Amino acid sequence: MQRVLFTIPVAGGLPVFGYGLFLMLGFVAALLIAYWRGKKRGISSDAIIDVAILAIFAGVIGARLAYLLLDYTPQNGNYGTLAEWLAVWQGGLTFQGGLFLALPAVYVYLKRKKISVPVMFDVFAPALAVGVGFGRLGCLLNGCCWGKPAPHGSWFGLLFPDHIESMLEQQWLYRSHPDHSSARLERLGYPPATLPPIPIYATQIVSALGLFAIGLLLIWLEKRRPHRLPGQTIVWFLFLYGLGRFIIEFYRDDTPLRYGFGPFPGLRLGQWLALAMILAAALWQWRLNLQAAGDQSVPPASEPHDKPSGGNGYAAK
């Protein structure tokens, strides 16, 4: 865990945050993958860059707003300054909030430019998975999005420095609720009277590896299904990411927020948003199935349907 990787010796020292650096690396990696995939489909580089820039701006705004509205915890009643609210390079982004703003923003742009929405979404789906995977590695360096205490003696537990939020929360919980904290640790196999800090699940690493795997799986599925309809790849992404996020949230411990009702008590907000993504994927898949059954003349995603029309360098509508 290393929040500041190094300092550039200019203007009195310019810190380079690990979180911000990996966000940038994720953006570059996603852009290169999308450029490569778009070129294979005859989509111009200008269109890819335009969509990427719009998606990153809308995504960061949506992700930051979601964090501030739903996850931000003021310190001693202090809500911070505007400059602190805007310091996204230090952490504090909720991916699902970014996705829910970026997708409609890109959709409107593509419609105005008369670019095929499903084709462009498919182009970016594996790139998005890889880009967000880099972001999760940034979370690891930043010490955010941490996991619950890992079982005693487990090889996959991570121990962060004492001053990091995950460790401070363990210490606070032990001071505030010593009996509850001790019982929790004993259930995980720790000897009685074990004191924090305790190793925690490496949820950031698991999330990153899962996202990289999703990116590769999407490309593999495309090769296995060359006659798929446009929009199929983004549907796969929404389902796979939603499923993975729903599962990993059971092992995260970075926010106490729970939302539930009736037979569904205590699900984390991220799990409800993951379920919304799975539902969106199911509805979109249902629409694709109807389209495939009712219109056999629709060309497959890998056919000339993806080629530019009219010489403007954009994919056909």
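Predicted model: local features only at pLDDT ≥ 70, side-chain atom pairs only at ≥ 80, totals over all residues.

Q: At what angle do the axes of H5 and H9 cross?
A: The angle is taken between N-to-C directions. For H5 (residues 117–142) and H9 it is roughly 25°, and the axes come within 7 Å. Angles under 35 degrees count as roughly parallel, so H5 and H9 are roughly parallel to each other.

Q: Which residues in H5 meet H9?
A: Among them are Phe121, Asp122, Ala125 and Arg136. Partners in H9 include Gln232, Phe237 and Arg245. By class, this contact of H5 with H9 has eight nonpolar, two polar and three charged residues.

Q: How do H8 and H9 pack?
A: Read the angle again. Helix H8 (residues 203–224) packs on H9 at about 160°, with the axes 10 Å apart. That makes H8 roughly antiparallel to H9. H8 passes H9 in a right-handed crossing. The contact of H8 with H9 divides into eleven nonpolar, three polar and one charged residue.

Q: Is Gln232 buried or exposed?
A: Look at relative accessible area; under 20% counts as buried. Gln232 has 4%, so Gln232 is buried. Gln232 lies in H9, which covers residues 232–248.

Q: With which side chain does the side chain of Gln232 make a polar contact?
A: The partner is the side chain of Gln285, at 2.7 Å. Leaving aside neighbours within four places in sequence, Gln232 is also in contact with Asp122, Arg225 and Leu288.

Methods: Residues numbered from 1 in each chain as written. Heavy atoms only, no water. Helix = DSSP H or I, 4+ residues; strand = E, 2+ residues; numbered from the N terminus. Buried < 20%, exposed > 50% of the residue type's maximum accessible area, 1.4 Å probe, protein only. Polar contact = N/O pair within 3.5 Å; in protein donor to acceptor, adjacent residues only side chain to side chain. Contact = heavy atoms within 4.5 Å. Axes fitted to C-alpha atoms, helices over the stretch in contact; angles between N-to-C directions. Parallel < 35°, antiparallel > 145°, perpendicular 65-115°, else oblique. Nonpolar A, V, L, I, M, F, W, Y, C, P; charged D, E, K, R; others polar. Left-handed = near helix turned anticlockwise from the far one by under 90°.
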